[in-house]
Each structure stands twice: as C-alpha cells, then as structure tokens.
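Here are some exercises to work through with the model open beside you. Try each task before reading its solution.

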Amino acid sequence: MSSILSTSMKVEFTESEIQTMHKALESWGLEAQIGVAVEECAELIVALQKYVNRSIKPSTDDILDEIADVEIMLAQIRLALDLDDNTLRERIERKFNKLGKYFNE
C-alpha cells in the first residue's frame with residue numbers, strides 16, 4: 001500500500017491565521033465555536049459516508065475542504081482550552097500504542 005503521508009505530516013497555521021482564530025473566539029465565544037466544530041465534523045462524516053455508500057461519490061476536493069474545516073475548528077478549540085502540542089502528542093502516542101497492540105496480538 002503506497003502512502004502520501006510523511007513522518008512530518010502536520011497542519012501548521014500562520015501567525016495571521018492564529019490571530020484570526022483568536023478573533024473568532026473573542027467574537028463568538030467558545031461555546032458557539034464548539035457548536036461550529038460539531039457541525040464541521042458532521043459535514044465531514046456526511047462526505048465520508050457518501051464516499052463509501054454512494055455510486056456518485058463526493059470529490060476528494062470536497063472531502064479535503066471538510067477536513068480543512070475540521071482542522072481549523074480543532075485548532076480553535078485547542079487554542080481556547082490552552083491544550084499544548086506536547087500533551088496532544090502524548091495522547092496520540094498512547095492511542096497508537098493501543099492500536100499497535102491490537103495488530104501485534
């Protein structure tokens with residue numbers, strides 16, 4: 001199976017984009033932005049379900065747009081809740097260790 005993912009695969013935001021996220025949080029508040037995050041996750045779910053279940057599939061561009069929306073909203077939540085990269089990395093490693101054990105059994 002070929003992969004386009006690299007070990008440095010990550011989403012990075014510019015300072016301007018981070019400032020915009022702060023402005024969105026200041027303007028609409030965390031609860032409203034969590035609501036938007038839920039909506040964006042739902043839209044990604046719908047696009048993925050259509051990809052799996054329909055003969056006419058959404059384009060990969062449509063799916064990519066939904067992933068981008070979700071990434072932006074997750075970043076806003078991380079900013080608002082002051083969740084740092086190192087702690088998130090630790091959680092990701094824990095999840096992959098659990099997944100690795102599944103495949104090694």
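**Exercise 1: helix packing**

Helix H1 (residues 15-28) packs against helix H2 (residues 30-53) at an angle of about 115°, and their axes are 7 Å apart. Helices here are DSSP runs of H or I with at least four residues, while strands are runs of E with at least two, numbered from the N terminus. The model is a predicted one: local features need pLDDT of at least 70, side-chain atom pairs count only at pLDDT 80 or more, and totals for chains, interfaces and linings use all residues. Residues are numbered from 1 along each chain as its sequence is written, and side-chain values use heavy atoms, with hydrogens and water left out.

*Task.* Classify the angle between H1 and H2, then find the residues that meet.

*Solution.*
1. Axes are lines fitted to C-alpha atoms, for helices over the stretch in contact, with angles from 0 to 180 degrees between N-to-C directions.
2. Angles under 35 degrees count as roughly parallel, over 145 as roughly antiparallel, 65 to 115 as roughly perpendicular and the rest as oblique. H1 and H2 are therefore roughly perpendicular.
3. Take contact as heavy atoms within 4.5 Å. From H1, Ala24, Leu25 and Trp28 meet Leu30, Ala32 and Gln33 of H2.
4. Sorted by class, this contact of H1 with H2 has five nonpolar, one polar and no charged residues. Nonpolar covers Ala, Val, Leu, Ile, Met, Phe, Trp, Tyr, Cys and Pro; charged covers Asp, Glu, Lys and Arg; the others, Gly among them, are polar.

**Exercise 2: a residue in H2**

*Task.* Is Gln33 buried or exposed? Which residues does Gln33 touch?

*Solution.*
1. Buried means under 20% relative accessible area, exposed over 50%, and partly exposed in between (1.4 Å probe, protein chains only). Gln33 has 5% relative accessibility, so it counts as buried.
2. Leaving out residues up to four places away in sequence, Gln33 touches Ala24, Leu25, Trp28, Met73 and Gln76.

**Exercise 3: H1 and H3**

*Task.* Describe how H1 packs with helix H3 (residues 60-80).

*Solution.*
1. The angle is about 70° and the axes lie 10 Å apart, which means that H1 is roughly perpendicular to H3.
2. H1 contributes Ile18, Met21, His22, Ala24 and Leu25, and H3 contributes Ile72, Ala75, Gln76, Leu79 and Ala80.
3. By class, the contact of H1 with H3 has eight nonpolar, two polar and no charged residues.

**Exercise 4: salt bridges**

*Task.* How many salt bridges are there?

*Solution.*
1. Look for a side-chain nitrogen of Lys or Arg within 4 Å of a carboxyl oxygen of Asp or Glu. The count comes to three salt bridges.
2. Lys10 pairs with Glu12 at 3.4 Å, N to O. Lys10 is exposed at 60% relative accessible area, and Glu12 is exposed at 58%.
3. Arg78 pairs with Asp85 at 2.2 Å, N to O. Arg78 is partly exposed at 26%, whereas Asp85 is exposed at 54%.
4. Arg89 pairs with Glu93 at 3.3 Å, N to O. These two are four residues apart in helix H4 (residues 85-104), so about one helical turn separates them.

**Exercise 5: the whole chain**

*Task.* What pattern does the chain follow along the sequence, and what is its radius of gyration?

*Solution.*
1. The chain has four helices and zero strands, in the pattern α-α-α-α.
2. The radius of gyration is 16 Å, well over the 13 Å that the globule rule gives for 105 residues, so the chain is more spread out than a compact globule. The radius is taken over C-alpha atoms, and the rule is 2.2 Å times the number of residues to the power 0.38.
3. Of the 105 residues, 15% count as buried.
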